[in-house]
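Please examine the sequence together with the three-dimensional structure shown below. The paragraphs that follow proceed from the chain as a whole to individual residues.

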Amino acid sequence: MQTETTLTIAPSRIGKVLRLSEASHLDTMDHATVLPWNEPIDKGIAPKNLDHLWIAGTPFAGALTEANRLELAWLETARDISMFIWLEQTLPPLYMGYITRDHARIAPELQEYLMVFSKEEIVHTLTFKRFMAKAGLPLFQPPQGLYSLLTDTLPAMAPPVGVLFTLLLEWVAEMGAMHTTQGPDVEPMTRTLFRAHHHDEARHIAFGRWIAESYFETASAEEVEQVRAMSRQIFPRLIDMYTYNPEIALHTSFEFPVQPDNPAAIEAVWRSEHNARLNLERFSALYAWMDKLGLR
């Protein structure tokens, strides 16, 4: 799918983009000071809401001990951080590639924020990797299919389409992380890490929304329908991937009740009432926005 549409935004929002850039220049994540790196991470405290464990509310959770539940909470957090790492280290080459390829057709204000965006993603990636090493957490494999979307498919597409699909990936990961890590009983350094990350990501999400909305207002009907069809194919896989990742069975110290070679059990976890309810809670704002644009 190719289009001559470049990265544009409604004139009324140019000032808002400038304010995003200024906010970033004044107050953004600092890798050195965002966490007290000389202090220990307390892995005896859960890094997320234990009611949000992926197999909670399913028959597979019945045999879990308290130690199993704590271990799973840390491994699921490792997956969440891995997801951010794989996503955020692909965005600087993607966005800087758009600037290099289309700089004459992208407004200077938008170019500046793409650079700001890229800079912040590099800092986030470094910070997440440092946290993972400090906590002794494993890096999960990149999400199948969706990672190649970022590295192979989107670089060749029109910039606003790339911004839209990276928005969907970031928005899912961000809303999921914030929904589960900000309770008072969550391990303090983990809670602080995700809150500081959200301080920057809220700006990224706003920028992505404005670019996508402007694209849908100006692109041809044929282009819009192609993008909608692509979203309807990709987005359900993204939600499944976030809801439950079968790789977790390869990392547990105990025999995990859902094995990667049991597609029926995996499907049962994906479709459980508990996970359906969780997804409605954490992704309600995203679902409403996508429905407004006909993306799902």
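The structure is a predicted model, in which local features need pLDDT of at least 70 and side-chain atom pairs count only at pLDDT 80 or more, whereas totals for chains, interfaces and linings use all residues. Residues are numbered from 1 along each chain as its sequence is written, and side-chain values use heavy atoms, with hydrogens and water left out.

The secondary structure comprises eleven helices and zero strands. Here helices (H or I, at least four residues) and strands (E, at least two) are DSSP runs numbered from the N terminus. Along its principal axes, the C-alpha trace spans about 60 × 45 × 30 Å. The radius of gyration is taken over C-alpha atoms, and the globule rule is 2.2 Å times the number of residues to the power 0.38. For 296 residues, a compact globule would have a radius of gyration near 19 Å, and the value of 19 Å for the chain agrees with this.

A residue is termed buried under 20% relative accessible area, exposed over 50%, and partly exposed in between (1.4 Å probe, protein chains only). Of the 296 residues of the chain, 55% count as buried. A contact means heavy atoms within 4.5 Å. Among contacts with a separation of 6 or more, 84% are between residues 24 or more positions apart.

With regard to charge, Lys and Arg count as positive and Asp and Glu as negative, while His and the chain ends are not counted. Each charge is placed at NZ of Lys, CZ of Arg, CG of Asp or CD of Glu. The chain has 25 positive and 37 negative charges, and their mean positions are 3 Å apart.

Where is E76 placed, and what does its side chain meet? E76 belongs to helix α2 (residues 66-88) and is buried because its relative accessible area is 2%. A polar atom of the E76 side chain lies 3.0 Å from the backbone nitrogen of W54. This is a polar contact, that is, a pair of N or O atoms within 3.5 Å; within protein, one must be able to donate a hydrogen and the other to accept it, and residues adjacent in sequence count only if both atoms are side-chain atoms. Setting aside residues up to four places away in sequence, E76 touches K48, H52, L53, W54 and I248.

H52 also meets T180, a residue of helix α6 (residues 159-181). The side chains of T180 and H52 are joined by a polar contact of 2.9 Å. T180 has 5% relative accessibility and therefore counts as buried. Again leaving out residues up to four places away, T180 touches K48, N49, H52 and V186.

K134 lies in helix α4 (residues 108-135) and, at 32% relative accessibility, counts as partly exposed. Its side chain has a polar atom 2.8 Å from the backbone oxygen of E39. The C-alpha atoms of K134 and E39 are separated by 10.0 Å, and the two residues are 95 residues apart along the chain. Apart from neighbours within four places in sequence, the contacts of K134 are W37, N38, E39, P40, I41 and M189.

Finally, Q226 is in helix α8 (residues 221-243) and is partly exposed, with a relative accessible area of 34%. Q226 and T58 are 168 residues apart in sequence and 37 Å apart in space, C-alpha to C-alpha.
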